[in-house]
Amino acid sequence: MNLTRFPRLLFSHLPTQLELMSALSKALGGPRIWIKRDDCTGLAGGGNKTRKLEFLMADAVKKKADVIITQGAVQSNHVRQSVAIAAKLGMASYALFEERIDSKDNDYNHNGNVLLTKMFNTHISRHPSGTDMNAAMESVAEKLRVEGKNPYIIPGGGSNTIGALGYVNCALELIAQTNEQNLHVDHIIHATGSSGTQAGLVTGIHGMNATTSVLGIGVRMPRDIQEANVLALAQDTAQMLGFRTAITPEEVQANCDYVGEGYGIPADSTLEAIQMTAQLEGILLDPVYSGKGMAGLIDLIRKGVFHRNENVVFIHTGGAQALFGYRHNLE
């Protein structure tokens, strides 16, 4: 699987560390839980979107873009990282925030990722929940084209075939690390939302003919929709890579039992997972993605889904910066 034929900018701190969470594993009675620290990718505090942006921004440079447009929820990790790399590359940026949560909380609306996004001198606009955000981005792009600009639109979460290459590469990196440690990994667990991270991992694992299963813990959509979105993107990515065998529905697994009241609203299990991981491992999770992903992993372990002698890798997708927007949930 040769990714070097695709343009890529190198600004992530890779490879990210693979660490054993011995205290959490002991507290839960097994399996052995490993964590891949994709919260430490370096860009604007790190996070999983940085891997995707290496390929997306290379495509933007190739197309001679001078302005970046992207979108996400108010406390978007993706937006933070996207506008940061745009600033580093000397590009203007436009961030469209969708108000998916009806919140008047000052911290949620102005602290955390919102504050950080403003620091990168981006143009911010807010849109009501349910807005067609793709259409809204295209509207901004058309206005910029009239002004003589050359905008590049990055989809929410960086989740298209180009962005998914970042997590195809992550799968390659993870398997290389486990080979070096003579470590057999039975399961990969992570939070799944816009589908790009899971689609890339599934594609990478498939391409290596590895036996490791990939389970996404959903943070927004019902299971059938989540799995369909991941499968479609994984198949498109595999086709772009020229795979000879198709990715099957059986390779895409999502568990969406831990969404709670909705996207961006931490459930009690989310808060427990954040507290346990902080108090036992000194690692910060976020209330939107990684907290819900860990909540799912913890509950599945308690239910006996994994064998005591198995190795499970939890991919930390980042987002601790959003904790400052959720102060009232954590105090």
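Where is Met-208 placed?

Reply: Met-208 lies in the loop between α8 and β8 (213–218); helices (H or I, at least four residues) and strands (E, at least two) are DSSP runs numbered from the N terminus. The model is predicted, so that local features need pLDDT of at least 70 and side-chain atom pairs count only at pLDDT 80 or more, while totals for chains, interfaces and linings use all residues. Residues are numbered from 1 along each chain as its sequence is written, and side-chain values use heavy atoms, with hydrogens and water left out.

With a relative accessibility of 28%, Met-208 is partly exposed (buried is under 20% relative accessible area, exposed over 50%, partly exposed in between, with a 1.4 Å probe and protein chains only). Beyond its neighbours within four places in sequence, Met-208 contacts Met-1, Ala-171, Leu-172 and Ile-175, where contact means heavy atoms within 4.5 Å. Met-1 is 207 residues away in sequence, yet the C-alpha atoms of Met-1 and Met-208 are 7.8 Å apart.

The axes of α7 (residues 161–180) and α8 (residues 196–207) come within 7 Å and cross at roughly 50 degrees; axes are lines fitted to C-alpha atoms, for helices over the stretch in contact, and angles run from 0 to 180 degrees between N-to-C directions. The two helices are therefore oblique to each other (under 35 degrees is roughly parallel, over 145 roughly antiparallel, 65 to 115 roughly perpendicular, the rest oblique). The crossing of α7 and α8 is right-handed, meaning that the near helix is turned clockwise from the far one by less than a right angle. On the α7 side the contact includes Ala-164, Tyr-167, Val-168, Cys-170, Ala-171 and Ile-175, and among its α8 members are Gly-200, Leu-201, Gly-204 and Ile-205. By class this contact has 8 nonpolar, 5 polar and no charged residues (Ala, Val, Leu, Ile, Met, Phe, Trp, Tyr, Cys and Pro count as nonpolar, Asp, Glu, Lys and Arg as charged, the others, Gly among them, as polar).

Helix α8 also packs on α9 (residues 223–241), at an angle of about 50 degrees and with the axes 8 Å apart. That angle makes α8 oblique to α9, and this crossing too is right-handed. From α8, Gly-196, Gln-198, Ala-199, Val-202 and Thr-203 meet residues of α9 that include Val-230, Leu-233, Ala-234 and Leu-241. The contact of α8 with α9 has 7 nonpolar, 4 polar and no charged residues.

Ser-195 is buried, with a relative accessible area of 4%, and has a positive phi of about 95 degrees although it is not a glycine. Most residues other than glycine have a negative phi.

Over residues 13–318 the chain is 45% helix and 17% strand, with its end C-alpha atoms 13 Å apart.
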